[in-house]
Structure formats: C-alpha cells, structure tokens
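Please look over the sequence and the fold shown here before reading on.

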Amino acid sequence: MTTNEWVIPFYKNQFEWLRDIEPEMASYLQKDAEKIEEQIGARFESMLDIGAGIGSIARALDARGITVTTLELVPELVEASRLRSPKTIDIHMGDFYTYTFPTQFDVVSYFDGFGIGTDDDQLTLLKRMKSWMKDEGFALIDIYNPNYWRTIAAGQKMKIDEAERLYSFDEENCRMIDSWWHNENPEEVVTQSLRCYTIDEISALCKKAGLTITGIFPGGAMDFDKWAYTETAPLSSCLSYRIKLKKTT
C-alpha cells in the first residue's frame, strides 16, 4: 500500500487552502470529545488516534485527562500539531501500514478518513489496529455511507475559503470522490477517493480481521438545498457512521 500517491498532496493542499477555524470550533471539539467517551462507554486512560491531522481532537481529549498518542502521515500536518499541542500528547509521523508502536492502547481511533486503499488494504489496516488495541480495548472508526455519497452528495459543488470542491461517486468501486482546486489555479486539481461500506460489508471485513462491531453511531448530513448541516442524521442517509469494535473472542 502506497499511501502517499494522493494522500500527501491532497491533505497538504487542503490544509494550506483553508483558514484556521480551530478557535471557532472549541465548543464543538469538546462536545466531540464527550461523544467519544460516551461511545466507548467505559473509563479509558490511553488512546491512539491515527490520521490525526493537526491534532484537534487529540488536544480536546488531552484536556479531559486522556493520554493521547497520534499518528499522521503528512509532514505539514504533523508540524502544525507539534506547534499547537502540549507536550503531554505523543505525536508520531508515519505510514499506518508500516509504523510500529511498542505498546498497546485502551482505544484506537480513525476518524474521517478510513477507506483510502483497496478492501485488502483496509483489511490489513484493521488487523494492525487490532494489534494496537489492548485485549479489553476498543476501536472507533468512521465509515463513509455509500447511500449518501451516491444519492445526495454526488454532483454537489461549493466554494470554501480559497478553494472549490466537487463531490462525485465512483459506482463501480463504491468510492466517494472529493476533488479540490485553488481559485487561482483551477486546472491543478487534487482528489481524495475513499471506499464506502454498507454495515454488512464493513462487518464482514472486520470479522476477517478478528474484530466485532459492538456499536453503530450515525453521523451528520448536509442538506445542500437548504445549505444546512444536521449533526445526527438517520443511519440510511448520514454521510458517515461510526463503528465501535472489540477483539473477537
């Protein structure tokens, strides 16, 4: 799995093109941290967050007394995270498919980004996440919902700060396609492509990895006609849903 084929250019440019809205999101991030604790449903002390970006959710959890370790591939995002984060957060730069940790964690998370590779790649990653979990630990993963991206988001175009983006859907491979370009250079397009999974599909993949889904939490959805975002949508029409996993006994 070569994760830097589009991942590094896409997230690097996205980070550079968007204004810093983290100060405006402080209350949202705290609510998200509370939601994570509620979804785990048991006290936990250590957490590994992969695909951690600039570390926003890691800092929110750190403020709640959780010992957080992060793993991120994109150098610019890692550097921003190190500049903004307290020393209590253990920040690592590396590839999910090759990086190793000498310890295990109560919780392993992957928010907003699962589905980069093929099904085999995702299976490999799930097995790696399992190896990072303690025996009684849990994982939380956001899964993109094919129904939303196929029927609601596909074809939607919008302007965000200095960039524009266009959503589309690859029906053959069941992948959401998210293309961005800078207003001043519309010919230079960067695109992310994420595999979407139905609950049955992701459940079967997790089973192969030795993991069992113990919770499903619908995420939000954008109403493009009203240009309004709903934080919790029905499972059938949410843009993504979060799964809680444990090791299969």
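Predicted model: local features only at pLDDT ≥ 70, side-chain atom pairs only at ≥ 80, totals over all residues.

Residues are numbered from 1 along each chain as its sequence is written, and side-chain values use heavy atoms, with hydrogens and water left out.

Two packed helices are described by the angle between their axes and the distance between the axes. The axes are lines fitted to C-alpha atoms, for helices over the stretch in contact, and the angles between N-to-C directions run from 0 to 180 degrees.

Helix 1 (residues 7–17) packs against helix 4 (residues 75–84) at an angle of about 50 degrees, and their axes lie 9 Å apart. Helix 1 is therefore oblique to helix 4; angles under 35 degrees count as roughly parallel, over 145 as roughly antiparallel, 65 to 115 as roughly perpendicular and the rest as oblique. On the side of helix 1, Y11, K12 and F15 take part, and they meet E76, L77, A80 and R84 of helix 4. Contact here means heavy atoms within 4.5 Å. This contact of helix 1 with helix 4 has four nonpolar, no polar and three charged residues, where Ala, Val, Leu, Ile, Met, Phe, Trp, Tyr, Cys and Pro count as nonpolar, Asp, Glu, Lys and Arg as charged, and the others, Gly among them, as polar.

A second pair is formed by helix 5 (residues 119–132) and helix 7 (residues 199–208), which pack at an angle of about 55 degrees with their axes 9 Å apart. That angle makes helix 5 oblique to helix 7. Helix 5 contributes D119, Q122, L123, L126 and K127 to the contact, and helix 7 contributes L205, C206 and K208. By class, the residues of this contact of helix 5 with helix 7 are four nonpolar, one polar and three charged.

Attention now turns to the interior. A nonpolar core is a set of buried Ala, Val, Leu, Ile, Met, Phe, Trp, Tyr and Cys residues joined through side-chain atoms within 4.5 Å; buried means under 20% relative accessible area, exposed over 50%, and partly exposed in between, with a 1.4 Å probe and protein chains only. The largest nonpolar core has 59 residues, of which I50, Y110, F114, L126, I141, W149 and I202 touch the most other members. A second, separate core of 19 residues includes F44, A58, L61 and I91.

Leaving aside neighbours within four places in sequence, I50 is in contact with L71, F96, S109, Y110, F111, L125, M129 and W132. Beyond four places in sequence, M129 touches I50, V108, S109, Y110 and I141.

Two loop residues are partly exposed by contrast. Y99, in the loop between strand 3 (90–93) and strand 4, is partly exposed, with a relative accessible area of 23%. Not counting residues up to four places away in sequence, Y99 touches L71, H92, M93, G94, R128 and W132. Q156 sits in the loop between helix 6 (146–153) and strand 6 (157–160), and its 24% relative accessibility makes it partly exposed. With the same exclusion of residues up to four places away, Q156 touches R165, L166, Y167 and F224. Q156 and L166 are 10 residues apart in sequence and 5.8 Å apart in space, C-alpha to C-alpha.

Backbone angles come last. Most residues other than glycine have a negative phi. D112, although not a glycine, has a positive phi of about 55 degrees, and D112 is found in the loop between strand 4 (105–110) and helix 5. W227, also not a glycine, has a positive phi of about 50 degrees; its place is in the loop between strand 11 (221–223) and strand 12 (228–230).

Key: Helix = DSSP H or I, 4+ residues; strand = E, 2+ residues; numbered from the N terminus.
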